[in-house]
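Here's a quick tour for someone meeting this structure for the first time. Have a look at it below, and then we'll go through it topic by topic.

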Amino acid sequence: MEWILLSGGRVPAGEWHPAREVATLWWAATPLTIAGVPITGLTLPHAAQLAHRLGARMPTSVEWEWMASGAVRRFPWGNDTPGRDHANLRGLGPGHPTPVRTHPAGRTPDGLWDVGGNVWEWTTAPWRRDRVALLRGGSYHSLAQYAECAHANDVPPGIASPGIGLRPVRDTGPTPPTRGDAS
């Protein structure tokens, strides 16, 4: 798994969150995959367990928004309306998840892939009274507006769908693999 370090910053208040400072974090370069296609069908608790097994965690919704927008972009790639090279969205893709890294124009300036479109990404919203889960980024079945960085979709944490995936985050850098003794 490839991890990318993103410097933190301040996210202004939005519809789904108050203004928040976001720490410098390590982000998975793509949603989690099997054979290059996003893993889907996980409830929020199962996604959190999977992230934990990888030495990571679920991002909060405001952390995800910072990662996607840097507090300046409308879409993860910039302000251009999505086209076929940007994202797998309704009318721009085949109607199901596609391999990550298929849409080069959709990369964030920091090098993260599939932040907008392909599969929604689970996030948490710990500041909300109802503690509802928020999905971010839109999926292959979403209209372009759902790929906007500020958009979130509130859902029950027990829902599972072929359009919902997971992009874990780490507070500390990944541990390099250990090498066996060559003696």
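A residue counts as buried under 20% relative accessible area, exposed over 50%, and partly exposed in between (1.4 Å probe, protein chains only). Glu2, for instance, is partly exposed, with a relative accessible area of 41%. Keep in mind that this is a predicted model, where local features need pLDDT of at least 70, side-chain atom pairs count only at pLDDT 80 or more, and totals for chains, interfaces and linings use all residues. Residues are numbered from 1 along each chain as its sequence is written, and side-chain values use heavy atoms, with hydrogens and water left out. Helices (H or I, at least four residues) and strands (E, at least two) are DSSP runs, numbered from the N terminus.

**Helix H1**

- H1 covers residues 44-53, and Leu44, Ala47, Leu50 and Ala51 are buried in it.
- Those buried residues fall within an arc of 120 degrees seen down the axis of H1, so they line one face of the helix; the arc is taken from the directions from the helix axis to the C-beta atoms.
- On the face turned away from the buried side of H1 you'll find the exposed residues His52 and Arg53.
- Strand S7 (120-123) and strand S8 (133-136) are among what covers the buried residues of H1, contact meaning heavy atoms within 4.5 Å.

- Three strands make an open sheet in the order S1-S4-S11, with antiparallel pairing; two strands pair if DSSP finds at least two bridges between them.
- S1 and strand S11 (169-170) stand at the edges with a single partner strand each, so one side of each has no neighbour in the sheet.
- S1 and strand S4 (residues 25-28) are joined by 4 bridges, and Trp26 in S4 is the bridge partner of Leu5.
- H2 lies across S1, S4 and S11, at about 75 degrees to S4; axes are lines fitted to C-alpha atoms, for helices over the stretch in contact, and angles run from 0 to 180 degrees between N-to-C directions.

**Nonpolar cores**

- A nonpolar core is a set of buried Ala, Val, Leu, Ile, Met, Phe, Trp, Tyr and Cys residues joined through side-chain atoms within 4.5 Å.
- The largest one has 16 residues, and those with the most contacts inside it include Leu6, Trp27, Trp64 and Val115.
- S1, S4 and H2 are the elements giving two or more residues to this core, and H2 gives the most, with 5 residues.
- Apart from this core lies another, of 15 residues, among them Leu50, Trp120, Leu135 and Val155.

**Salt bridges**

- The structure holds 7 salt bridges, each a side-chain nitrogen of Lys or Arg within 4 Å of a carboxyl oxygen of Asp or Glu.
- In one of them, Arg101 pairs with Glu2, the closest N and O atoms being 2.9 Å apart.
- Arg101 lies in the loop between helix H2 (61-69) and S7, and Glu2 in the segment before strand S1 (3-6), so this pair ties together parts that are 99 residues apart in sequence.
- Glu148 and Arg74 also meet in a salt bridge (2.9 Å, N to O), linking the loop between S8 and strand S9 (152-155) to the loop between H2 and S7.
- Arg57, Glu63 and Asp171 are linked in a network of salt bridges; Arg57 is partly exposed at 22%, whereas Glu63 is buried at 12%.
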